[in-house]
Amino acid sequence: RSAGIIGAAFWRGQSRLGVHEGPDRIRSSGLLERLKQQGCAVKDYGNLVFDDVDESSVGLLKSVAAVGGANRRLSEAMKAVKMDGHTAVMLGGDHSLAIGSIHGHSAAVGELSVVWVDAHADINTPLTTYTGNFHGQPMSFLLHELHSKVPVLPNFSWVKPCLSAKDLVYIGLRDVDPAEHYILKMLGVKVFSISEVDRLGVARVMEETCDYLTTRGKKPVHLSYDIDAIDPSVTPATGTPVVGGLTYREGVYITEHLSQTGLLSAVDLVEVNPQLGKTEADVQSTVNTAVDLLLGCFRRLREGNHPTDYT
Ligand SMILES: N[C@@H](CC/C=C/[B-](O)(O)O)C(=O)O
Ligand SMILES: [Mn+2]
Ligand SMILES: [Mn+2]
């Protein structure tokens, strides 16, 4: 196994400063060293450099051209990392970056499935958003079924929908806007909200998620992990915290399970905002959890691990 790391220090999909510090803070907490310690080859592609574009709004929509341009750059980088044969790791930055991450992943592998772990559905269209923040809209640019609902926007013409609603599963939803809820119901998207996690337990949720995604053939899996899926008591340093989230254990179980399917092809870890922790301990707890989630994606098991060369 090998990991190709991309830093996307981008914050203009939302308005709270600091989320651009996520990539370097996650690196400085030892992600690469710990991946290597567990037998994973690692290539760090560094942080993307984003062109300065005008951050003007289009109506309610904030920093449209900047979001479009950053995601185009990320899409190119993701495609290159996948063409190099790595499992891609995109460190955010805000969740608008899933546009470029999933688009670039699909450019390399073709059809894929997406597991979206988040308190939020991030499936507003530019016409249903009430905040204008693009980190609440990425899914609308990616789904074939919503293409006709997305207006032409500056610096977005490169985006081609690349995901079918039946190849998408949500886990952890607990703060979904009415328009998003309507879209999810209309498209029949598979959703395991926090209520289903409570009702079924995380093991059954993961079994059903994998059965659901593999009934039409085993496609590469893109895991898009928003740190705010985890309960704010564990990961407070994030821009849109919502009470009643996943426990640390549930969060890591999700990554352990997906890692063992052998289908995990790319991971986003987004919305870590080091400036939003009340204390340094808050920030460290958030970042440590992000690191542990990523290690779980690369076959780390909580039962213990040893190098495979003396199995
Ligand atoms: N639904 C809200 C919240 C969006 C949350 C985005 B996040 O999941 O990436 O944190 C909006 O549209 O602004
Ligand atoms: Mn999100
Ligand atoms: Mn979220």
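Reply: Helices (H or I, at least four residues) and strands (E, at least two) are DSSP runs, numbered from the N terminus. Arg 299, for instance, belongs to the segment after helix H10 (280-297). This is a predicted model, in which local features need pLDDT of at least 70 and side-chain atom pairs count only at pLDDT 80 or more, while totals for chains, interfaces and linings use all residues. Residues are numbered from 1 along each chain as its sequence is written, chains are lettered from A and ligands numbered from 1 in the order in which they are written, and side-chain values use heavy atoms, with hydrogens and water left out.

Me: Is Arg 299 buried, partly exposed or exposed?

Reply: Relative accessible area decides the label: buried means under 20%, exposed over 50%, and partly exposed in between (1.4 Å probe, protein chains only). Arg 299 is labelled partly exposed because its relative accessibility is 42%.

Me: Which other non-glycine residue has a positive phi, near 50 degrees?

Reply: Asp 122 has that phi value. Asp 122 sits in the loop between strand E4 (113-117) and helix H5 (138-142). With a relative accessible area of 4%, Asp 122 is therefore classed as buried.

Me: What should I read from the residues around ligand 1?

Reply: A residue counts as near a molecule if one of its heavy atoms lies within 4 Å of it. Ligand 1 has 15 residues around it, of which Asp 122, Thr 131, Asp 177, Asp 226 and Thr 240 come nearest. For classes, Ala, Val, Leu, Ile, Met, Phe, Trp, Tyr, Cys and Pro count as nonpolar, Asp, Glu, Lys and Arg as charged, and the others, Gly among them, as polar. The shell of ligand 1 then comprises one nonpolar, seven polar and seven charged residues.

Me: Which polar side-chain and backbone atoms lie beside oxygen atoms of ligand 1?

Reply: A polar contact is a pair of N or O atoms within 3.5 Å; within protein, one must be able to donate a hydrogen and the other to accept it, and residues adjacent in sequence count only if both atoms are side-chain atoms. From the side chain of Thr 131, a polar atom lies 2.7 Å from a ligand 1 oxygen. An N or O atom in the side chain of Asp 226 is 2.9 Å from an oxygen of ligand 1, and for a polar backbone atom of His 135 the distance to a ligand oxygen is 3.2 Å. Ligand 1 on its own has 370 Å² of accessible area (Shrake-Rupley method, 1.4 Å probe), and the protein covers 96% of it.

Me: Which residues coordinate the manganese ion (ligand 3)?

Reply: Donors are N, O and S atoms within 2.8 Å of the metal (3.2 Å for Na, K and Ca); water is not among the atoms, so sites may look incomplete. Here the donors are Asp 118 (OD), His 120 (ND1), Asp 226 (OD), Asp 228 (OD) and Asp 228 (OD), at 2.1 to 2.5 Å. Along the chain their spacing is D-x1-H-x105-D-x1-D. Asp 118 also coordinates the manganese ion (ligand 2), which is 3.3 Å from ligand 3. Both Asp 226 and Asp 228 are buried.

Me: What lies 2.8 Å from the backbone oxygen of Asp 228?

Reply: A polar atom of the side chain of Arg 174 lies there. Arg 174 is placed in the loop between strand E5 (168-171) and helix H6 (178-187). Contact means heavy atoms within 4.5 Å. Beyond four places in sequence, Arg 174 touches residues including Ala 119, Asp 228 and Val 243. Arg 174 and Val 243 are 69 residues apart in sequence, and their C-alpha atoms are 8.6 Å apart.

Me: How many residues separate Tyr 130 and Ala 88 in sequence?

Reply: They are 42 residues apart, with 32 Å from C-alpha to C-alpha. Tyr 130 lies in the loop between E4 and H5, and counts as exposed because its relative accessibility is 59%. Setting aside residues up to four places away, Tyr 130 touches Leu 60 and Asp 177.

Me: Where does Thr 87 lie?

Reply: Thr 87 is in strand E3 (residues 87-91). Its relative accessibility is 16%, so Thr 87 counts as buried. Among its contacts beyond four places in sequence are Ser 2, Lys 82 and Phe 298. Ser 2 itself lies in strand E1 (residues 2-7), and its side chain forms a polar contact of 2.9 Å with that of His 86.

Me: Which residues does a cis peptide bond join?

Reply: Gly 92 and Gly 93 are joined in this way, with omega about 5 degrees. Gly 93 belongs to the loop between E3 and helix H4 (98-109).
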